[in-house]
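Visitor: I'd like to learn to read a model like this one feature by feature. Could you walk me through it?

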Protein chains: 2
Amino acid sequence: MAVRLSDREHYEALLDKYDTWMFDCDGVLWHGDRPIEGAVQVLDMLRKRGKRLLFVTNNATKSRRSYKTKFDQLGIEAHVDEIYGSAYAAAVYISSVMKLPKDKKVYVIGMLGLEEELRNEGVSYVGGTDPADCTLESFSLADFTPDPDVAAVLCGLDTAINYTKLSKAFHYLHRDPSCRFLVTNEDSTFPSAHGLLPGAGAVSAPLRFALNRDPLSVGKPAKTMLDCIQAKVQFNPKRTIMIGDRLNTDILFGQAGGLATLLVLTGVTSEENITGPNSSTIVPDYVTPSIGDLRLAKSS
Amino acid sequence: MAVRLSDREHYEALLDKYDTWMFDCDGVLWHGDRPIEGAVQVLDMLRKRGKRLLFVTNNATKSRRSYKTKFDQLGIEAHVDEIYGSAYAAAVYISSVMKLPKDKKVYVIGMLGLEEELRNEGVSYVGGTDPADCTLESFSLADFTPDPDVAAVLCGLDTAINYTKLSKAFHYLHRDPSCRFLVTNEDSTFPSAHGLLPGAGAVSAPLRFALNRDPLSVGKPAKTMLDCIQAKVQFNPKRTIMIGDRLNTDILFGQAGGLATLLVLTGVTSEENITGPNSSTIVPDYVTPSIGDLRLAKSS
């Protein structure tokens, strides 16, 4: 049973218990371009109390640098080295764990932020935002010359997804079973400013289905993301809490890493998803309606 | 164990045994714009011997009329009332089985042929080839006014698939669980002239994944397709044979309908898929390398 946080004592106890606070962003700190009410004040309070803040997001459309710009625009203090996105984690995984040879390339389905992180880690790529791949013209294998250096396909959320990109990615993976198949994350949806939209998991679903092959996912709940953070930041898992809105990514990620977990109900998970006969088997340590609720502790 | 057809007696016995011959098309009669060697002669021979021919295809990008044009271009005799495509089956299902009220509409992910069949059956639709939906511009729910009359989403192969179409279809299905979710077929791939490409099942995979919901498929192997044929054509299943290149659509379809089945190896199924330790549990009655092999019977 998750502990329902509701009064000042609950929130104070939480603040005493955890030193490192990892936050999911979309649906926890903001909806699209609107901050969640009270989020700014809560983060400020945590900083004043000396807490270490880390922002751990599966959103792979932004680089850490462009994420920092988003925090700035929303008036939320954040530093690039506090931000861990699945685009960054994917680039680090490809360069440092998979150790893709420098003369090999990644075929990318994804956006500018993913490309930026790959460049920062020295990973060569094709596809992505290349205008030749951002087209609704019909695709024929007869007109396609595969790049012989492509040794991996990486797929993230791409709102310019189209049949040419899917066909090229399919072809690279189908012609050579040793070609690696990676996805930034498998979120089925994401909370946009005005409601749910298909997520990165939906964008890569055609490849999984056509190939009958599962990719390696580097985003939450995969351990790859935690490995990426632990390589840069020292923290005690027993005094760390992961706050998120999605059970099968954020909460599972925290649990797999031995962290405490706090579910907020401002994103994709609703009260019905955690109570009643069809509730999830993933149970967070704590539940609170909104991150803004932690302001209650402030008045102590 | 499937019977391997190899000599004249085999093919002659097949011709004696079956009166109605149902053919899959892509990968059986042609690859893209190239007829399979000998296919034209074999179909001619079957007609001369008084066999009834039916062409049963999951390809939903063409209407029966445009399919007829394709047969003409390839020099293969065919008549519109011999052609059963999943676009036609979907339109018949929506108008005659589902009985969609005339004031309701279908949101379509699909191409001209699918739209043509819907119009022929008097089904109203939005989406499809509408230029407003064929775009790679970013999509926002804030700018989207859902059509209140949409009561079903129908998804087929669409080489202009994009994030706007997926988001609209997702939104219709997500906002209203009673909105029907149909797909023309679930083929993971299809054999183009120059190799495999992602199929209709891959195009609808983002919706299945984002919604965690399975659609009703009207194409092979679903019984819906056979119901559609049986409503128009009298045939004795015991004297009918289904010829196809894909085990989990063509062969399963034939078996479910009590038909004999003949697998050809000119399409997506290879020798390894039907022999060895990882072979399919779907076993056709007969196997022959190519439909062209039936020419052997002609010389008798």
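Visitor: Let's start with one residue. In which helix of chain B is B:Arg208 found?

Guide: Bear in mind that this is a predicted model. To place a residue, look up the element that holds it; B:Arg208 is in helix α7, residues 200-211 of chain B.

Visitor: Is B:Arg208 buried or exposed?

Guide: The relative accessible area decides that, and under 20% means buried. B:Arg208 has 11% relative accessibility, so it counts as buried.

Visitor: And what is B:Arg208 in contact with, leaving aside its neighbours within four places in sequence?

Guide: A contact list tells you what surrounds a side chain. For B:Arg208 it holds B:Phe181, B:Glu186, B:Gly201, B:Arg213, B:Asp214 and B:Pro215, along with A:Phe209 from chain A.

Visitor: Staying in that region, what does B:Leu207 touch?

Guide: Not counting residues up to four places away in sequence, B:Leu207 touches B:Ile109, B:Val153, B:Leu166, B:Ala169, B:Phe170, B:Phe181 and B:Asn212. B:Leu207 is also among the residues with the most contacts inside the largest nonpolar core.

Visitor: How many residues does that largest nonpolar core have, and which have the most contacts inside it?

Guide: The core has 52 residues, and the ones with the most contacts inside it are A:Ile109, A:Leu207, B:Ile109, B:Val153 and B:Leu207.

Visitor: Now helices as packing units. Which residues of α5 of chain B are buried?

Guide: With a helix, list the buried residues, then ask what covers them. In α5 (residues 112-120) of chain B, the buried ones are B:Gly113, B:Leu114, B:Glu115, B:Glu116, B:Glu117 and B:Leu118. Their cover includes α3 (64-74), α4 (86-97), β7 (105-109), β8 (124-127) and β9 (150-155) of chain B. After the helix comes B:Gly122, with a positive phi near 75 degrees.

Visitor: Let me try α9 of chain B. Which of its residues are buried, and what covers them?

Guide: Helix α9 spans residues 247-256, and B:Leu247, B:Thr249, B:Asp250, B:Ile251, B:Phe253 and B:Gly254 are buried there. The cover includes β2 (20-23), β5 (52-57), α8, β14 (240-244), β15 (260-264) and α10 (271-274) of chain B. Just after α9, B:Gly258 takes a positive phi of about 75 degrees.

Visitor: What about peptide bonds: which residues does a cis bond join in chain A?

Guide: Omega is the angle to check. The bond joining A:Lys220 and A:Pro221 is cis, with omega at about 5 degrees. A:Pro221 sits in the loop between β13 (216-217) and α8 (223-230) of chain A. In chain B, the bond from B:Lys220 to B:Pro221 is cis too, with omega near 5 degrees.

Visitor: Stepping back, how many helices and strands does chain A have?

Guide: There are 11 helices and 16 strands in chain A. Its radius of gyration is 20 Å, close to the 19 Å that the globule rule gives for 300 residues, so chain A is as compact as a globular protein of that length. Its C-alpha trace spans about 70 × 40 × 30 Å along the principal axes. Of its 300 residues, 58% count as buried.

Terms used:
Residues are numbered from 1 along each chain as its sequence is written. Chains are lettered from A and ligands numbered from 1 in the order in which they are written. This is a predicted model: local features need pLDDT of at least 70, side-chain atom pairs count only at pLDDT 80 or more; totals for chains, interfaces and linings use all residues. Side-chain values use heavy atoms; hydrogens and water are left out. Helices (H or I, at least four residues) and strands (E, at least two) are DSSP runs, numbered from the N terminus. The radius of gyration is taken over C-alpha atoms; the globule rule is 2.2 Å times the number of residues to the power 0.38. Buried means under 20% relative accessible area, exposed over 50%, partly exposed in between (1.4 Å probe, protein chains only). Contact means heavy atoms within 4.5 Å. A nonpolar core is a set of buried Ala, Val, Leu, Ile, Met, Phe, Trp, Tyr and Cys residues joined through side-chain atoms within 4.5 Å.
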